[in-house]
Amino acid sequence: MKIAIVGAGLTGLSCALELRDYNPTIFECHDVGGLLASYGRKGYRIEKFYHHFFRWDHDLLNMIKRLGLSSKVVWKIAKTGFAIDGKIYPLNTPLEILRYPHLSLMDKIRLARFTLKSRKRDYTIEDDRGVVEGIREELGENLLQKFFMPLLKAKFGENYERVSYAWLLARVAIRSNRKLSGEELGYLRRGFWQLVDRMAEGLNIIRKPVENIGYFNKKYHIHGMEFDAVVWTAPLPLLDPKIANNLNLPSISYQSSICALVGCEKPLSDLYWINVDNAIFGAVIEHTNFMPFEDYGEHLIYLASYTTPDSELFRMSEKNLANLYLKDLERLGMKRRDVKWIKIFKAKYSAPIYEKGYLKKIVPYRTNLKGFYLAGMFSKPNYPERSMNGSIKAGIEVAKALKADFDLS
Ligand SMILES: Cc1cc2nc3c(=O)[nH]c(=O)nc-3n(C[C@H](O)[C@H](O)[C@H](O)COP(=O)(O)OP(=O)(O)OC[C@H]3O[C@@H](n4cnc5c(N)ncnc54)[C@H](O)[C@@H]3O)c2cc1C
C-alpha cells in the first residue's frame, strides 16, 4: 500500500504518524510545520506566527503527551486589553471592565448576558446571517462599533463584513469559559518547534511542491512515483485543477496573514494580547509577557494583521511593511530607539474566511475519487476556529477513514 501526503503542516504530520506502519511519503514545498514553523535567532527559536492553546485542545495535548513533551506545557492567565486612540485599557478583572470608558454599564451587562447565553444556543441557524447585521440587531450599534468592530477587523481584516453570525456565536461559546481573572492559555515552553521536530522525526519527507497529480491505471502519479492513495492537506486553491475539477469542491475563500515579530529592549505593556483599533495591525501580542523574558534575552512582540492575498498590504515589500508597523507601534508608546530588530512573516493561505453559508461548505475527508482524501484547515474540526488542535484532529481522522476504506489495521 503506497500512500502520499501533500503538506507537512500539523494535518499532514499527524496523518503520517497515524499511517506510520505504511511508511507514507510526504511532500512539502516550504517549511515542515507549515503555519507553525519557527524562526531561528541566536540562542532560541520562536514561531513565525504567534501560537497558544486552550484547556479543551485534547487532540493537541494528547499528541504532546504521546511525544514526551508534557513537562514543557505551561498554563498562564493571559492578560488582555484594548487600545483605542493610542491609549491601552486592560480588560481582565471585573473592576477593569467596569472602568472601561468606551461602553456604557448597560452595554457591559448586555455583553455579559450574551456571552453566558452563547453556550446554549444553536448557532447553525444563523449561518446565512451576516455578523454585522446579527450584532447590530441583538446587541446594538454601540457594542458593534466600540467592541466587536475592532475585534472583527483584527480577525478578518477587510473581509469582516462577509463573516456569518453563526461563526461569532460559535466562537463566543467556545471562549466563554473564562476565569474571573482572565483566560488561561497554554504554551510549550521554549517553543512549538519541539513538537514539530518530534512529529517529523523518522518520517519520509520529500521537499518538493506537488503541482501535478496524474491518475491512470488506478494509481496516482506524483513526481514519477505511484500511489494507491493521496491525502491532500495543503490549501485547496493549490490543488491540481485536473483533480479539483472532478471533486465538486465548494469555493472556499482564504485570508492571508502578516505578522511582524519585533525584538525590543523594553516591553510595551504588561499585557499579553491587546486588540488595537485604527492601526495597520489588529492586535499586539507580547510573547514575553506570557513566557519568561529569560528564555529569549529580549522582549518579543508580534504585530498581527489579516488581509487578502491580492491586497496592496500583502503585496507590499517587507521594508515598507516594517516601516508602517513600527510607526503604529510608536503611536502606542514604543520608542524607536527601543526596537532592536523587526522581521516580517507572511502566509498567503492562513485561514478560511468563515463567511455566510460556510457550514454548508465544510469539506468531508472522503471524495468521489477512490483513494483521494482532503483534510486541513477546511475540515470540520477546524470550525469555528482553525487551530493546531483542529488540524491534528483532522489529520488523525482522515488517516482513520483511509485505513477503514482500504481495510488496513
Ligand atoms: C497568524 C496565525 C496565528 C495562529 N495562532 C494560533 C494559535 O494561537 N493557536 C492555534 O491553535 N492555532 C493557531 N493558528 C492556526 C494553526 O497554525 C493552523 O491551524 C495549523 O498550523 C494548520 O495546519 P495545517 O497542516 O492544516 O495547514 P498548514 O500549516 O497550512 O500546512 C499545509 C502545508 O502544505 C504545504 N504545501 C502547500 N502547497 C503545497 C504543495 N503544492 N506541495 C507540497 N506542499 C504544499 C505548505 O507549505 C504547508 O507546510 C494560527 C495561524 C496563523 C496564521
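Select helix α5 (residues 131-139) and helix α6 (residues 141-156): their axes come within 9 Å and cross at roughly 145 degrees. Axes here are lines fitted to C-alpha atoms, for helices over the stretch in contact, and angles run from 0 to 180 degrees between N-to-C directions. Helices (H or I, at least four residues) and strands (E, at least two) are DSSP runs, numbered from the N terminus.

This is a predicted model, in which local features need pLDDT of at least 70 and side-chain atom pairs count only at pLDDT 80 or more, while totals for chains, interfaces and linings use all residues. Residues are numbered from 1 along each chain as its sequence is written, and side-chain values use heavy atoms, with hydrogens and water left out.

Now show the side chains between the two helices. Val-131, Val-132, Ile-135, Arg-136 and Leu-139 of α5 meet Glu-141, Leu-143, Leu-144, Gln-145, Phe-148 and Leu-152 of α6; contact means heavy atoms within 4.5 Å. Of the residues in this contact, eight are nonpolar, one is polar and two are charged (Ala, Val, Leu, Ile, Met, Phe, Trp, Tyr, Cys and Pro count as nonpolar, Asp, Glu, Lys and Arg as charged, and the others, Gly among them, as polar).

Next, select the open sheet of seven strands, ordered β7-β6-β15-β16-β17-β14-β18, with mixed pairing. Two strands pair if DSSP finds at least two bridges between them.

Move to β3 (residues 38-41) and β4 (residues 44-47), an antiparallel pair with four bridges. They form a hairpin with two residues between them, and Gly-43 in the turn has a positive phi of about 90 degrees.

Last, select Asn-382, in the loop between β19 (372-374) and α12 (388-405). Is Asn-382 buried or exposed? Its relative accessibility is 1%, so Asn-382 counts as buried (under 20% relative accessible area; exposed is over 50%, partly exposed in between; 1.4 Å probe, protein chains only). A polar atom of its side chain lies 3.0 Å from the backbone oxygen of Gly-376. Not counting residues up to four places away in sequence, Asn-382 touches Tyr-354, Gly-376, Met-377, Ser-387, Gly-390 and Ser-391.

Conventions: Polar contact = N/O pair within 3.5 Å; in protein donor to acceptor, adjacent residues only side chain to side chain.
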